[in-house]
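User: Could you take a close look at one helix of this model for me, and walk me through the contacts and the open space around it?

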Amino acid sequence: MSAAGVLLLWGFSRGVILIPKSVTPRRIRDNFDTFLGFTNGTLSLTPSVRADIDSLDRGYRYLTAERFLLPNETIEGFWAEADLGP
């Protein structure tokens, strides 16, 4: 399995909605097969692999969300509501 497949499985297992980008037919098929494998239970990550990936979290967010804030809303409040947890 590719590194991309592992990350897709990790995201799926956390309930994250993922939209992988690819223009290569083989990679598009691999991504789709990973999704199907996850949904039918034939592909999964072991708890130790999930824990290893989870341990890489440094609390850094690439999207800071300022453009999505409502008046009187803070970044901290926005992310606290959006946090999916481990």
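Analyst: Happy to! In this predicted model, arginine 29 and aspartate 33 both sit in helix α2, four residues apart, which is about one turn of the helix. Their side chains meet in a salt bridge, with 3.3 Å from N to O. Side chains of opposite charge can pair when their charged atoms come close. With a cut-off of 4 Å between the side-chain nitrogen and the carboxyl oxygen, the count comes to one salt bridge.

The largest share, four residues, comes from α2. The lining is made up of Leu8, Phe12, Leu18, Pro20, Lys21, Ser22, Ile28, Asn31, Phe32 and Phe35. Sorted by class, that gives seven nonpolar, two polar and one charged residues. The space in this pocket comes to about 160 Å³.

Helix α1 packs with α3, residues 47-54, at an angle of about 95 degrees, and their axes are 11 Å apart. Because angles of 65 to 115 degrees count as roughly perpendicular, α1 is roughly perpendicular to α3. On the α1 side the contact involves Val6, Trp10 and Ser13, which meet Arg50, Ile53 and Asp54 in α3. By class, this contact has three nonpolar, one polar and two charged residues.

Methods:
Residues are numbered from 1 along each chain as its sequence is written. This is a predicted model: local features need pLDDT of at least 70, side-chain atom pairs count only at pLDDT 80 or more; totals for chains, interfaces and linings use all residues. Side-chain values use heavy atoms; hydrogens and water are left out. On a 1 Å grid over the protein atoms alone, a cavity is a set of points where a 1.4 Å probe fits but cannot get out, and a pocket is an open set with protein on both sides within 12 Å along at least five of seven lines; lining residues have an atom within 4 Å of a point. Grid points are joined across faces, edges and corners, and a volume is the space filled by probe spheres set on the points. Helices (H or I, at least four residues) and strands (E, at least two) are DSSP runs, numbered from the N terminus. Ala, Val, Leu, Ile, Met, Phe, Trp, Tyr, Cys and Pro count as nonpolar, Asp, Glu, Lys and Arg as charged, and the others, Gly among them, as polar. Axes are lines fitted to C-alpha atoms, for helices over the stretch in contact, and angles run from 0 to 180 degrees between N-to-C directions. Angles under 35 degrees count as roughly parallel, over 145 as roughly antiparallel, 65 to 115 as roughly perpendicular and the rest as oblique. Contact means heavy atoms within 4.5 Å.
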